[in-house]
Amino acid sequence: MKTRKMLALVLALILALAAGCSQKDTSWVAQSGEDTIPVGVYMVELMMGYNDAASQLAGSTDILKETINGTPAAQYIADFAKEECAKLLAIRKEFGARGLTLSENDTQQAVAYTDYLYGMGETFYSANGVAKESVQFINDTTMMSLGLFNSIYGEGGEKAVPRADLEKEFASRYTRSQYVYFPKADLTTGSPLPQEEIDASKEKAESYLKRAQAGEKISDLFYEVAKEQDPANAGEKMEESQYDIYLENEAGYFPPVFESTVLSAADNEVKLVEDEYYFYLIKKLPVLEGDPETIQPYLDNILQSMKYDEYTETLASWSQGMDIKYNNASLAAYTPAKLKMTQEQLDAANSAASGSESSAPESSSESAAPSESSSQG
């Protein structure tokens with residue numbers, strides 16, 4: 001009789017423990033203050049960590065069996081994801097502490113980028129149980145990070161970079177020009193035009209060169225040629241600034257002869273050059289006299305490139321100084337080994353039972369019962 005009672009008590013204890021385990025909330029992975037990182041966000045960061053590891057282990061057929069600087073790749077990926085989640089928490093905390101808010105335009109950009117990313121990677125996101133809301137969370141936080149960066153280094157910030165410095169750097173990196181082109185080859189096939197047509201193009205280009213040197217606007221000449229070549233699609237003439245071409249020095253976005261000509265020309269100089277496909281009538285323009293609204297994004301990018309490393313170090317120091325509680329149940333449930341990052345893994349996932357909710361991080365919140373956690377000071 002005592003034996004039966006003992007067995008009953010043991011069975012009851014086992015059932016109670018099992019019930020307790022099943023109630024652990026694995027919908028989140030990290031918390032600090034009022035901010036919580038959903039487990040789907042952690043899964044995205046695991047995927048990013050896997051890609052980072054793969055970039056360092058080119059040629060490996062099994063990333064998770066490798067080591068990176070002495071650290072098992074699986075641990076490297078998990079550490080990467082935790083560190084990125086900590087940075088997200090730091091960004092959100094500092095953003096709020098500074099009283100910053102996202103503008104409507106910021107929010108719209110985050111939504112648009114989420115739609116783009118999720119559309120491009122939906123196969124991987126879905127296979128790994130990542131809902132679109134988690135990608136949105138990351139992109140919202142990215143916009144917060146940009147706002148933080150600008151509050152520090154932008155105009156009025158405690159470490160603001162003078163606009164004159166940004167403009168000087170911009171002028172050293174970019175050129176501004178306008179052009180008109182005249183074909184020497186078939187625009188569809190790339191095959192050379194008959195010589196008489198090439199001669200006619202050259203003659204026309206030279207006549208337009210004279211007109212440009214006499215003071216006519218390149219934009220007017222461009223529109224005139226466009227109407228002549230394709231009157232049905234020429235449309236209305238654009239604003240003057242919309243004919244401006246900004247080229248980063250030696251970046252290779254335009255034909256080599258075009259870029260080298262603009263780079264070597266003096267401001268307001270007009271030149272006629274050619275390659276095997278076109279005659280180019282080019283006028284170099286003073287780069288800092290362009291449309292301010294067009295120039296501003298270039299200045300923003302230059303500011304980011306100048307201060308990115310410094311900001312990254314600041315962000316790391318913020319995250320390392322935070323009190324972060326990690327959900328051990330989630331960390332144990334969602335590991336690099338469970339990622340589906342290869343075609344073989346995706347195929348296996350597609351062939352498995354598609355209705356299993358237990359495999360999806362975003363749908364694994366059984367209850368709000370507290371789970372075991374650890375803290376990072």
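Author: Let us begin with a definition: a residue counts as buried under 20% relative accessible area, as exposed over 50%, and as partly exposed in between. By that scale Y116, with a relative accessible area of 47%, is partly exposed. Please keep in mind that this is a predicted model.

Reader: Where is Y116 found?

Author: Y116 lies in helix α4, which covers residues 104-127.

Reader: Now the overall picture, please. How many helices and strands does the chain have?

Author: There are 12 helices and 10 strands. Of the 377 residues in the chain, 36% are buried. The accessible surface of the chain is about 21,500 Å², and carbon and sulfur atoms hold 51% of that surface.

Reader: What share of the contacts with a separation of 6 or more comes from residues 24 or more positions apart?

Author: Such pairs account for 71% of those contacts.

Reader: On to the open sheet. In what order do its four strands come?

Author: The order is β6-β5-β8-β7, with antiparallel pairing. The edges are taken by β6 (245-248) and β7 (270-274); each has a single partner strand, so one side of each lacks a neighbour in the sheet. On average, neighbouring strands are turned by 40 degrees against each other, direction ignored.

Reader: What holds strands of a sheet together in general?

Author: Strands in a sheet pair through backbone hydrogen bonds, in a parallel or an antiparallel manner.

Reader: How many bridges join β5 to β8?

Author: Eight bridges join β5 to β8, and one of the pairs places R176 with L285 in β8 as its bridge partner. On the β6 side, β5 pairs over four bridges, again in the antiparallel sense. T175 stands opposite L247 of β6.

Reader: Is β5 enclosed or open, and why?

Author: Strand β5 (residues 174-183) is largely enclosed by the rest of the structure, because nine of its 10 residues are buried.

Reader: Which residues is I245 in contact with, leaving aside neighbours within four places in sequence?

Author: The contacts of I245 are T175, R176, S177, Y179 and F254. T175 is 70 residues away from I245 along the chain, yet their C-alpha atoms are separated by 7.9 Å.

Reader: What does T261 touch, not counting residues up to four places away in sequence?

Author: T261 touches K271, V273 and I282. T261 itself belongs to helix α9 (residues 256-264) and is buried, with 8% relative accessibility.

Reader: Let us change topic to charges. How many salt bridges does the count come to?

Author: The count comes to 17 salt bridges. One of them joins the side chains of K159 and E310, at 3.5 Å from N to O. That pair links distant parts of the chain, 151 residues apart: K159 sits in the loop between α5 (132-153) and α6 (163-173), and E310 in helix α10 (residues 292-320).

Reader: How accessible are K159 and E310?

Author: K159 is partly exposed, with a relative accessible area of 42%. E310 is also partly exposed, at 29% relative accessibility.

Reader: Which residue forms a salt bridge with D220?

Author: K237 does, with an N to O distance of 3.4 Å. D220 is in helix α8 (residues 218-229), whereas K237 is in the loop between α8 and β6, 17 residues apart. K237 also forms a salt bridge with E240, where the closest N and O atoms are 3.9 Å apart.

Definitions and conventions:
Residues numbered from 1 in each chain as written. Predicted model: local features only at pLDDT ≥ 70, side-chain atom pairs only at ≥ 80, totals over all residues. Heavy atoms only, no water. Helix = DSSP H or I, 4+ residues; strand = E, 2+ residues; numbered from the N terminus. Buried < 20%, exposed > 50% of the residue type's maximum accessible area, 1.4 Å probe, protein only. Pairing = 2+ DSSP bridges. Axes fitted to C-alpha atoms, helices over the stretch in contact; angles between N-to-C directions. Contact = heavy atoms within 4.5 Å. Areas by Shrake-Rupley, 256 points an atom, 1.4 Å probe, with all protein chains shown as cover. Salt bridge = Lys/Arg side-chain N within 4 Å of Asp/Glu carboxyl O.
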